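The following report describes selected local features of one protein model. Please consult the sequence and the structure alongside the text.

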Amino acid sequence: MKKYAWYFPNWHVTELNEKWHGKGWTEWECVKYATPRFEGHVQPKVPLWGYEDESDPVVFEKKIKTALDYGIDGFIFDFYWFSCGPYRRDCLDKGFLGAPNNEDCEFSIMWANHDPVYVHPAPYMHTAPELLSGIVDKELFKEVTQFCIDNYFWRKNYQRVDGKIFYGVWDVIRMVKEFGSLEECAKVFEDFRERARKAGHELFLAAANKNLFPGFKEKDKELFEKTVDALGIEMVMTYSWPNIYPKDGWPAIEYAEAREEYFKTVPEDVEFSKVPFCIAASTGWDSSPRTVQSDKYEDSGYPYLPIQVNNTPEEVEKTFRMCKEWIESGKVTGNILTISTWNEWTEGNYMEPDEQYGYGFLEAFKRVFSE
C-alpha cells in the first residue's frame with residue numbers, strides 16, 4: 001500500500017495573488033484572521049512551524065523529512081495552469097524540487113482544471129466571483145502536458161504505478177466538454193500518451209471521483225464505462241470526503257459522524273467503478289477561514305459549509321485504522337491511500353503540526369501504519 005498526501009500550494013507569494021489581494025499576500029492571511037463561529041469552535045488554527053514560505057527549499061526540506069519520518073510516501077501536488085500561464089508553481093519547482101532531500105520523497109501532480117474563484121475570503125451575500133477561466137483548449141493541454149513530460153516525468157522520484165507515470169486530472173468531464181466530444185478528448189489524451197512514450201514513459205491516468213462520478217452514478221453506468229475506456233482512465237482517486245450536513249445544530253457536525261457517512265458510500269463507489277477506486281483519509285473539515293469573518297456563518301454554499309468538530313488525534317487515528325483495514329481486506333480495489341490533506345489549513349484538513357494537537361495526527365498515522 002502506498003500513502004500519499006494531497007498538497008495544496010498557496011502559501012507563498014505569487015504575482016496573481018498580489019494582483020488580487022495586495023503585496024506580499026499568501027493564504028496564511030486567512031488562517032491568521034479566522035474567528036470562532038460558535039461556542040467551542042477552535043479558530044484560528046495556529047501552525048506549530050509558523051507561517052512559513054513553502055517556496056523556500058529549507059522549509060520544504062523539513063516538510064519532506066517529517067512526512068517520511070511519519071510514514072507518508074510522498075505528495076500529490078494540486079497543479080494550476082491557465083491560459084495566462086502557470087499559477088502557484090514555485091511551491092513545487094523552487095520549494096520541493098529545490099530541497100536537498102527531495103529525491104527521497106515521491107511526488108506527482110493532479111491538474112486542477114477548475115475556475116479559481118474569490119474565496120479568500122468569500123462574502124455571504126454574493127456568489128464568489130470568478131478570477132480566471134479554467135477552460136482548457138487543445139493547445140493549452142499540449143503545452144501543459146509537454147511541460148510535465150520535459151520537467152517532471154524523468155525524475156526518479158516521480159510517482160509511478162506499476163512502472164507507469166501517474167498523472168491526475170481534477171475534472172475529466174469538463175475536459176470532455178471543452179474538447180467538444182468524448183471522441184475528441186480521447187484523441188487529445190492519446191496524443192499525450194504518444195508524446196510521453198517518445199520520451200520513454202508510459203502514462204497512468206487517474207481522475208478525481210468528485211467530478212467523474214456525479215451524473216453517471218445517477219444516470220448511466222454504461223456511459224461511465226465507455227468514458228473510462230475511451231480516455232484510458234486507470235484509477236479513480238478520492239480527494240476529500242463529501243460534506244455532511246448536521247440534522248440540527250448548524251453548522252457543527254461530529255467528525256465521527258462524517259466519517260461514518262463517508263464509509264457508507266465507499267462500497268457503492270467501489271461497485272460502480274470498473275477501474276480501481278482509492279479511498280481518502282480526512283483529518284477534518286472547516287472552510288470558515290475562507291469566509292468574510294464579519295458576515296454571518298449561514299448555509300449559503302461553499303465555503304459556508306458544515307464544520308466538523310472533535311476531530312481529535314484519537315478520532316483521526318480511527319479513520320487511519322479503518323482505511324488500512326479496508327485496503328488490506330480487499331474491500332476497495334485501489335492500493336493507494338490518499339490523505340486529505342497535508343496542508344489545506346483554510347479547509348481544516350491538514351497533517352502539519354498545529355498548536356492545538358502538536359504532531360498528534362502524524363503520530364496517529366505512524367502508529368497505525370508502522371504496525
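## A buried threonine

Because its relative accessibility is 0%, Thr 346 counts as buried (under 20% relative accessible area, with exposed meaning over 50% and partly exposed in between; 1.4 Å probe, protein chains only). Thr 346 belongs to the loop that joins strand E13 (343-344) to strand E14 (349-350); helices (H or I, at least four residues) and strands (E, at least two) are DSSP runs, numbered from the N terminus.

The side chains of Thr 346 and Glu 27 form a polar contact at 2.4 Å (a pair of N or O atoms within 3.5 Å; within protein, one must be able to donate a hydrogen and the other to accept it, and residues adjacent in sequence count only if both atoms are side-chain atoms). Beyond its neighbours within four places in sequence, Thr 346 is in contact (heavy atoms within 4.5 Å) with residues including Trp 11, Cys 30, Asp 286 and Arg 290.

## Basis of the values

This is a predicted model, in which local features need pLDDT of at least 70 and side-chain atom pairs count only at pLDDT 80 or more, while totals for chains, interfaces and linings use all residues. Residues are numbered from 1 along each chain as its sequence is written, and side-chain values use heavy atoms, with hydrogens and water left out.

## Helix H6

In helix H6 (residues 172-179), six of the eight residues are buried, among them Ile 173 and Phe 179. At the start of H6, a side-chain oxygen of Asp 171 comes to within 3.4 Å of the backbone nitrogen of Ile 173. Gly 180, with a positive phi near 105°, follows H6.
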